[in-house]
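Subject: Structure handover

Hello,

I am passing on the structure we discussed.

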Amino acid sequence: MISALLDGGEVRGKKLMVLDPGQQRAAVVFPEEGKSIGEGDIYAPSWNPDSHYLAFALDTKSGERAICTIAKDGTGFKNITQGKGKFSSPQFSPQRASSGR
């Protein structure tokens with residue numbers, strides 16, 4: 001489960017959090033502790049099909065909105081689009097099982 005701010009019907013906030021139902025607590029996975037994302041916001045987080053990674057849109061200093069991914073434990077942050085546009089609402093494509101043919 002993801003925790004974020006809801007502003008005008010759009011899911012966005014300054015921190016990306018993951019709720020661990022087993023431990024009944026939420027952990028911040030982005031940005032790293034003690035760091036800030038500045039004036040920008042995080043938008044529209046989405047789980048990948050196996051629930052190990054999150055994709056989200058992130059405002060950049062250049063005024064663009066990048067698509068980024070991060071593991072649910074906060075490791076492996078990647079800026080996929082490298083500030084080349086104004087993207088929103090990322091979604092992972094479902095993987096199909098191989099039929100062996």
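The notes below go from the overall fold to the core, a pocket and a few individual residues.

Please keep in mind that this is a predicted model. The chain has 0 helices and 7 strands, and its pattern along the sequence reads β-β-β-β-β-β-β. Of the 101 residues in the chain, 29% are buried. Among contacts with a separation of 6 or more, 34% are between residues 24 or more positions apart.

Core. The largest nonpolar core has 11 residues: Leu16, Val18, Val29, Phe30, Ile42, Leu54, Phe56, Leu58, Ala66, Cys68 and Ile70. At least two residues of this core come from each of β2 (10-20), β3 (25-30), β5 (53-59) and β6 (65-71). In soluble globular proteins, nonpolar side chains tend to be buried together. For Val29, the contacts beyond four places in sequence are Leu16, Met17, Val18, Leu54, Ile70, Lys72, Asp73 and Gly74.

Pocket. The second largest pocket holds about 160 Å³ of space. Its lining consists of Val18, Leu19, Asp20, Pro21, Gln23, Arg25, Ala27, Val28, Val29, Lys72 and Asp73. Sorted by class, that lining has 6 nonpolar, 4 charged and 1 polar residues. β2 and β3 each give at least two lining residues, and β3 has the largest share, with 4 residues. Val18 and Val29 are named both in the largest nonpolar core and in the lining of this pocket.

Salt bridge. The count is 1 salt bridge. Asp59 and Arg65 form a salt bridge, with 3.2 Å between the closest N and O atoms. Arg65 has a relative accessible area of 13%, which is under 20%, so Arg65 counts as buried.

His52. This residue sits in the loop between β4 (42-47) and β5. Beyond its neighbours within four places in sequence, His52 contacts Ile70, Ala71 and Lys72. Ile70 is also one of the core residues, and Lys72 is one of the residues lining the second largest pocket.

Regards

Methods
Residues numbered from 1 in each chain as written. Predicted model: local features only at pLDDT ≥ 70, side-chain atom pairs only at ≥ 80, totals over all residues. Heavy atoms only, no water. Core = buried A, V, L, I, M, F, W, Y, C linked by side-chain atoms within 4.5 Å. Buried < 20%, exposed > 50% of the residue type's maximum accessible area, 1.4 Å probe, protein only. Contact = heavy atoms within 4.5 Å. 1 Å grid on protein atoms, 1.4 Å probe; cavity = no way out; pocket = protein on both sides within 12 Å on 5 of 7 lines; lining within 4 Å. Points joined across faces, edges and corners; volume = space filled by probe spheres on them. Nonpolar A, V, L, I, M, F, W, Y, C, P; charged D, E, K, R; others polar. Salt bridge = Lys/Arg side-chain N within 4 Å of Asp/Glu carboxyl O.
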